[in-house]
Amino acid sequence: MATTVRRAVLTLPAAPLGPDNPLPALRAPDEVHTLDERAREAMPRDMARQIGYEPLRSLLPVRIRDGYGRERAEREFESIVIENDHLRVTVLPGLGGRVHSLVHLPTGRELLYRNPVFQPANFALNGAWFSGGIEWNTGATGHTTLSCAPLHAALVPAPDGGVMVRLWEWERLRDLPFQVDLWLPGDSEFLYVGVRVRNPHERPAPVYWWSNIAVPEDPGTRVLAPADEAWHFGYERALRRIPVPEWEGADRTYPLRGEYPADFFYEVPSGARPWIASLDAAGHGLVQTSTARLRGRKLFVWGAGGGGRRWQEWLTEPGTGGYAEIQAGLARTQLEHVRLEGGAEFSWLEAYGPLSAEPTQVHGADWAAARGAAEGALDAVLPRERVDAAYEAWRGCADTEPGERLARGSGWGALEVLRGHIELPGTPFEESTLGEEQEPWLELWRTGVLPAPRRVVPPGPSLVAAHWRDMLETAPADPLTEYHLGVAQWHAGDVAQAVRSWERGLAPAPSRWPLLRCLAVADALAGDAERAADGFAAAFEDLVVESRGGEPWTAAESALGREAMAALLAAGRLPQARAVWDRLRPASREQGRFRLLAARLLAAEGHVRAARRVFEDGFELPDLREGEETLAEVWSTLTDCPLPSRYDFRMRPAAPVPAPVPAPAPAPDKAPDRAPDLA
């Protein structure tokens, strides 16, 4: 049959995303993929240069998405289904354009790891992310901030006269538009994906792209790529060159033959065909290949240890099987950004489809023969020349204006296109997509004045690009403008000027807590823990007095309450930390982060048994960060017993910990005075 595209509804058990965190993300991203400076000494020069090129100073203007939970209920997701006689492709435009499923119809085999639930977890740069399928990562090192965000989607004529699905959005960390075209020719066993990242500005920009493909993690599955060496990153801030496939006594091309999570960035020789495949014990599986621009290939494994297994359960339903990831990117590693000149673009074509090879060959001890068998099987079903020809054919359609709209993304691209008079053939960011969040900034651009909100609410998102900062500097200096100006100056690295702007806005501000909180963060990052604690406490008190109730206010109370308690505990201000706890809403106290803070507060007050009971009664941190070891660290201060498996998310060997320090009076077995209500 000819290729068809239809709308559909996908129903999954899903946890709610909840509200975004309304506090501006002033702190640098907590990214686990960072290196000790000495690690660069043995790297190729271009790799070391790109690792040091334009790292993120902050996540601004993007907001943190940490309002999700873990209680799931049936939910419907809008989807787009692309199908021919060979493949059925299910795309989720409302969740970053994720390819949720890729089914080989003649055999009925699912080629991807298809997550049976939607469970956000704290893996994206800005928080909410979910596992499974094929995701399109752009912006900066890590999972994209668009992981759980809607993209624009529409139908576009395909090179063969059929139809393809175009996804596009404005990536806000780097201010760059991108598009992903999904094209399934009528007689093809391979899904083609044309990708383009454009720089419409005069200045150069750092670009990051990795296509991440989740594949089933069976004991007999092997990952093959055209490389004899790889760069290994094991969450210990070290990158080292290792042989493929054998390293430290194990064949690392089998995802379950290591204990801890790890990245293996394959050193694909220059000029070699770029590809990567995951094949099961019978020699069947998925292969991904591309044109030469997408040079990098990677295997990510969770490992067979307790921490990796716990993460697998956390991200899906226990007992549903695990996954590994095979990936393709613009650079050797995911620690690098690639320079894109002003007015230029990067584009390439990827292909995804089934691959079968003789199992005795691809699972043989001779690595050269194994990968040669896989590449030979790929050449037989999809020659490299056909991929290059498909790319050239797609390039002729990349500027075609979209037709029928299938989904709507954000209005931020429309705002930037209007302001900059930018023309982007093929990816229209139309004025009709502008929404409530863009309205004040549109008025600032048109009138030079940032309007006051029509009702008392926490401040909306800040914009921080140089052109918006310039407009804020010339706008009338009311408290809200000073607040947003300070955030933009902070993002630009002008800390002293940001502090001055926030201080100027503070005296006349009818709502003081947003400015007090920004100043407290500045004090904390300057190393003044005492002053920061004072500032967070004052900001939280002001917020609680002003709060009107409703989702934006409860989100602000929760976010600022966490920061205030943490700062007060760090400064040893236990009565004030207790006072923050007492002002929390009962529902907030049940949140995982506050349960953990309650345990820390109890322990600091000397009630170690009560603190340990918090762990024994059980709680979950829905927003536990990849690589975060908080649970293990707090547990180790309460007891020398092994960390319970439900709290063991460690992604590296446990470091030696000191013996617990005896708690001060009152005695640990004394019932806590005014202890938090942990019922």
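In what follows, contact means heavy atoms within 4.5 Å. This is a predicted model, where local features need pLDDT of at least 70, side-chain atom pairs count only at pLDDT 80 or more, and totals for chains, interfaces and linings use all residues. Residues are numbered from 1 along each chain as its sequence is written, and side-chain values use heavy atoms, with hydrogens and water left out.

Let's start with A555, which sits in helix 13 (helices are DSSP runs of H or I with at least four residues, strands are runs of E with at least two, and both are numbered from the N terminus). Setting aside neighbours within four places in sequence, A555 is in contact with P19, D20 and P22. Its C-alpha atom is separated by 9.3 Å from that of S588, 33 residues apart along the chain. A555 counts as buried because its relative accessible area is 14%; buried means under 20%, exposed over 50%, and partly exposed in between, using a 1.4 Å probe and protein chains only.

Rolling a probe the size of a water molecule over the atoms shows where empty space is left. Here a pocket is an open set of points on a 1 Å grid over the protein atoms alone, with protein on both sides within 12 Å along at least five of seven lines; a 1.4 Å probe is used, and lining residues have an atom within 4 Å of a point. The second largest pocket has a volume of about 1,200 Å³, taking volume as the space filled by probe spheres set on the points, which are joined across faces, edges and corners. It is lined by 38 residues, and R27, D30, E563, R593 and D623 are the closest to its centre. Strand 6 (121-124), helix 13, helix 16 (592-604) and helix 18 each give two or more residues to this lining, with helix 13 giving the most, six residues. By class, the lining has 17 nonpolar, six polar and 15 charged residues.

Over in helix 18 (residues 630-638) you'll find S636. Why does S636 count as buried? The reason is its relative accessibility of 16%. The S636 side chain reaches the backbone oxygen of E633 at 2.7 Å.

Now for some strands. Strand 4 (residues 98-104) is mostly covered, with seven of its seven residues buried. Strand 3 (residues 87-92) runs antiparallel to strand 4, and six bridges join them; two strands pair if DSSP finds at least two bridges between them. In this pairing R88 stands opposite V103, and five residues lie between the strands of the hairpin, where G96 takes a positive phi near 70 degrees. Strand 4 also pairs with strand 5 (residues 109-110) in the antiparallel sense, over two bridges. There V103 stands opposite E110, and the hairpin has four residues between its strands, with G108 at a positive phi near 75 degrees.

The loop between helix 1 (45-51) and strand 2 (73-83) holds P61, and the peptide bond from L60 to P61 is cis, with omega near 10 degrees. E54 is in the loop between helix 1 and strand 2 and has a positive phi of about 50 degrees, although it is not a glycine. E54 is partly exposed, at 39% relative accessible area. D175, in the loop between strand 10 (163-171) and strand 11 (176-183), has a positive phi near 60 degrees, and D175 is buried at 10%.

Technical notes. Polar contact = N/O pair within 3.5 Å; in protein donor to acceptor, adjacent residues only side chain to side chain. Nonpolar A, V, L, I, M, F, W, Y, C, P; charged D, E, K, R; others polar.
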